[in-house]
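Me: Got a model open here and want to go through how it packs. Can you take my questions one at a time?

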Amino acid sequence: MRKFITASFAVLVLAGIGLAFGWPTLKMGFTSSAHYTEEDKQEYEYYTPEILKKIPKISNNYNFDYSKGPGRDEYVFTVHFYGAKAKDSNVIINYLKHEGYELQKTCDVEAECWRSNKNTDVITIAHFTSLKEIFVQIYRSPYTESLVDLK
């Protein structure tokens, strides 16, 4: 009986330690939105897609947003560059071209939309002239048709 109590206590302690260390990651998996910077290492690594991690930093003042979209597997990832000029987006455009994205003829918002044959992501570049802000947003959904299907 004493061995059973000792073993049960050890299992509870180990489970508690595992939960304590795993809780931040578990919590991030259930959150519906996040606002963070590159210095918030855990959030940055968990939420930020590779293409936004590698995007040219056109301003020293930038941050990230993540949110779940309205559908089951829909996500929106955004990087905001503050103090940027409209012409600074050319650096981002060249980067997207290099990564295989193509400018689309139409977009769901007043912005430029870019797509690639590699995935179904829709990347939007928009300028807020009054705020001197450029944002780059990725809309990721399994419901978005691939470019191959559209041609």
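Predicted model: local features only at pLDDT ≥ 70, side-chain atom pairs only at ≥ 80, totals over all residues.

Me: What do the buried residues of H4 pack against?
Reply: They pack against H3, S3, strand S4 (101-103), strand S5 (112-116), S6 and S7. Contact here is heavy atoms within 4.5 Å, and buried is under 20% relative accessible area, exposed over 50%, partly exposed in between (1.4 Å probe, protein chains only). Helices (H or I, at least four residues) and strands (E, at least two) are DSSP runs, numbered from the N terminus.

Me: Which residues of H4 are buried?
Reply: Ser-89, Ile-92, Ile-93, Tyr-95 and Leu-96. They lie on the same side of H4 because they cover an arc of only 160° around the axis, taking the directions from the helix axis to the C-beta atoms.

Me: And which are exposed on the other side?
Reply: Lys-97 and His-98. After H4 comes Gly-100, with a positive phi near 95°.

Me: What does Leu-96 touch?
Reply: Leaving out residues up to four places away in sequence, Leu-96 touches Ile-51, Tyr-101, Trp-114, Ile-123 and Ile-125.

Me: Which members of the largest nonpolar core touch the most others?
Reply: Leu-52, Phe-81, Leu-96 and Val-136, out of 26 residues. Such a core is a set of buried Ala, Val, Leu, Ile, Met, Phe, Trp, Tyr and Cys residues joined through side-chain atoms within 4.5 Å. H4 gives the most to this core, four residues.

Me: Switching to the sheet. What's the strand order?
Reply: The sheet is open, its seven strands run S1-S2-S3-S7-S6-S5-S4, and the pairing is antiparallel. Two strands pair if DSSP finds at least two bridges between them. S1 and S4 are at the edges with a single partner strand each, so one side of each has no neighbour in the sheet.

Me: How many bridges between S4 and S5?
Reply: Three, in the antiparallel sense. Tyr-101 stands opposite Ser-116 in S5.

Me: Last one: which cysteines does the disulfide join?
Reply: Cys-107 and Cys-113, S to S 1.7 Å; the cut-off is a pair of cysteine sulfur atoms within 2.5 Å. The link is right-handed, with 45° about the S-S bond.

Me: Is Cys-113 buried or exposed?
Reply: Cys-113 is buried at 6% relative accessible area, whereas Cys-107 is partly exposed at 24%.

Conventions. Residues numbered from 1 in each chain as written. Heavy atoms only, no water.
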